[in-house]
Each structure stands twice: as C-alpha cells, then as structure tokens.
Amino acid sequence: VTAATGAAPERFNKRQTGGFVDEMRSVAMKLHSKDQSKEGEKETQGKPWPKWEPTIDGYLKFLVDSKLVYDTLDKILLKADFPEYAEFRNTGLERAGNLAKDLNWFKEQGHVIPEPLSPGLDYSVYVEELSKNDPQAFICHFYNTYFAHTAGGRMIGKKVAAKILNGKELEFYKWDGDLSQLLQNVREKLNKVAENWTRDEKNRCLQETEKSFKFNGEILHLIVA
Ligand code: HEM
C-alpha cells in the first residue's frame, strides 16, 4: 500500500492481490481452454462454448444442479467443521437464493423444474465429504465455484439469455452491491486464511483445482444436454 494515497501499488492490476489467491487464479486460468480465455492453455474439446446451442430444458438442468451445489457450499460454511469456513459466510456472493427466484420464474412461465442430476448430485456429495477432513481442498472448490460464476459463468449466461430467453437477465447474474468489491473482500479473506497454511497445504489446495474444473465443467455442459 502506498503511504500517500492508501491505494494498491500500481504493479497490481485489480485482480492481483499479491497473496495466495493469485496462485489459485493462475492455476485456474491455465486449466481453461484457449477458446474460453486467452490465458487458457488447454486445447478446446468439442464445440467451443460460443457455438453452443442451448435449450431451455438443458439450461434448467444447469440451474437446478447449480442451486444444489451452492446450497451445499453454503450449508458447509454454516456448519463450519473447520473454523476458517465461517470467514466465508455472508460474503454477498451467495447464489442459492437468487437461483430459487429464477426457478420460480420458470415455473410461472409453465416450465417443469427438473430434479437434480448426477453432475450436481455427485459434486455435492464430493465437496461435503471433502469439507469434513480437508479444509485446503474444500476452500479450493469454494473459490473456483464462486469465482468462475462471476467470470465465465456470467458471459455464458448473457449469451444463453440472448439465444433462448429474449435477453432476460436472471437473478443468478445479479448481486447486491458492487460485485468487484465483493470479490475483492473475499480475495482478502482467502489470503488471510492461507497465511496460516504451510507450503504443502497450499499445494494441496492448488492441486484440487483440476477436480473443481471437472465437476463444474460437467454442470456447465448440462446447458447443452
Ligand atoms: C476466469 C471464461 C469455465 C474458473 C475466467 C475468465 C474468463 C473465463 C474469460 C477471465 C475473466 C477476467 O479475468 O476478466 C470461462 C469460460 C468457461 C469457464 C468461457 C466455460 C465455458 C470455468 C470453470 C472453472 C472456472 C469450469 C472452474 C470451476 C475460473 C476462475 C477464474 C476464471 C477461478 C478467475 C476469476 C477471477 O479472477 O475473479 N473464466 N471459464 N472457469 N474462471 Fe473461467
């Protein structure tokens, strides 16, 4: 922090914190394919996402499974088997309540809301078990699931809405207050919690990123299921 202004040093752009979150983000960005982000290093598999042909049925599956996962994450934070989980309650990033409103809206439009499918069910069981004995790995899933939605998730939502919802903006993509500030607050909390981790524990967290991509990727693909 520069003494005169209290502002972050200029060598940090708005997404850089100088702490462990930068490492989490860097591992995550490399796991994107090149069509997903210019920072991605993986080859594209299947159709590049901007060419996806979503259907309402597929999108509803995605929203239902997403809600299940966000409900599970929030439940884990509330129960707080490890005290650091409590830091991440009420961050303003929570999505389950907004998703419930969206699903109600679809119902009012005459759509049948499907039951959750294996992508969401399997992921929920997995993170719930993990959270009981592996806080570093659990926090990796918390970060990736919540932050992915504010980045790529939002782009995808916009595109899907334009294609199949006459551009209607769902509550899933709305936050109370300034989203970049909410994200920055959570980045600072993540950095603070990780300050108490050994290098091995930090690596344990980073190594879990791939699993988070796999599970979240399967949930995203429900959009075109
Ligand atoms: C960030 C796209 C899937 C995790 C980003 C960014 C883009 C992007 C463009 C950079 C945003 C920016 O810095 O301005 C996509 C697309 C996806 C996808 C198009 C799928 C079609 C995923 C998945 C995960 C994920 C499956 C893992 C759960 C992240 C994370 C960030 C990110 C953690 C960093 C966010 C931040 O720094 O605030 N994504 N992504 N993404 N993505 Fe993805």
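This is a predicted model: local features need pLDDT of at least 70, side-chain atom pairs count only at pLDDT 80 or more; totals for chains, interfaces and linings use all residues.
1. Helix α6, buried side. Three residues of α6 are buried: Ile156, Gly157 and Val160. Their arc around the axis is only 105°, which means that they sit on the same side of α6. The general rule is that an α-helix has 3.6 residues a turn, so residues three or four places apart point the same way. What covers the buried residues of α6 includes α2 (56-79).

2. After α6. Which residue with a positive phi follows α6? Asn166, with phi near 50°. Asn166 is not a glycine. Its place is the loop between α6 and α7. Asn166 counts as exposed because 7 other C-beta atoms lie within 10 Å, and the cut-off for exposed is 12 or fewer.

3. Ala80. Here, too, the backbone deserves a look. Ala80 has a positive phi, near 50°, and is a residue other than glycine. It lies in the loop between α2 and α3. Is Ala80 buried, exposed or partly exposed? With 14 other C-beta atoms within 10 Å, Ala80 is partly exposed, because buried needs 20 or more and exposed needs 12 or fewer.

4. Nonpolar core. The largest nonpolar core has 43 residues. Those with the most contacts inside this core are Phe62, Leu63, Leu73, Ile139, Phe142, Tyr143 and Ile219. Two or more residues each come from α1, α2, α3 (96-108), α4 (118-133), α5, α6, α7 (179-194) and α9. Which element gives the largest share of this core? It is α2, with 11 residues.

5. Leu63. Leu63 is among the core residues with the most contacts inside the core. Leaving out residues up to four places away in sequence, Leu63 touches Leu99, Asp102, Leu103 and Phe172.

6. Ligand shell. There are 21 residues around the ligand, and Gln36, Ala148, Ala151, Gly152 and Asn216 come nearest. The elements that give two or more residues to this shell are α1 (20-30), α5 (135-150), α6 (152-164) and α9 (209-221). The largest share, 5 residues, is from α9. By class, the shell has 10 nonpolar, 9 polar and 2 charged residues.

7. Links between the points. Helix α6 gives two or more residues to the ligand shell.

Technical notes
Residues are numbered from 1 along each chain as its sequence is written. A residue is near a molecule or strand if its C-beta atom, placed from the backbone, lies within 6 Å of it. Helices (H or I, at least four residues) and strands (E, at least two) are DSSP runs, numbered from the N terminus. Ala, Val, Leu, Ile, Met, Phe, Trp, Tyr, Cys and Pro count as nonpolar, Asp, Glu, Lys and Arg as charged, and the others, Gly among them, as polar. The arc is that of the directions from the helix axis to the C-beta atoms. Two residues are in contact if their C-beta atoms, placed from the backbone, lie within 7 Å. A nonpolar core is a set of buried Ala, Val, Leu, Ile, Met, Phe, Trp, Tyr and Cys residues joined through C-beta atoms within 7 Å.
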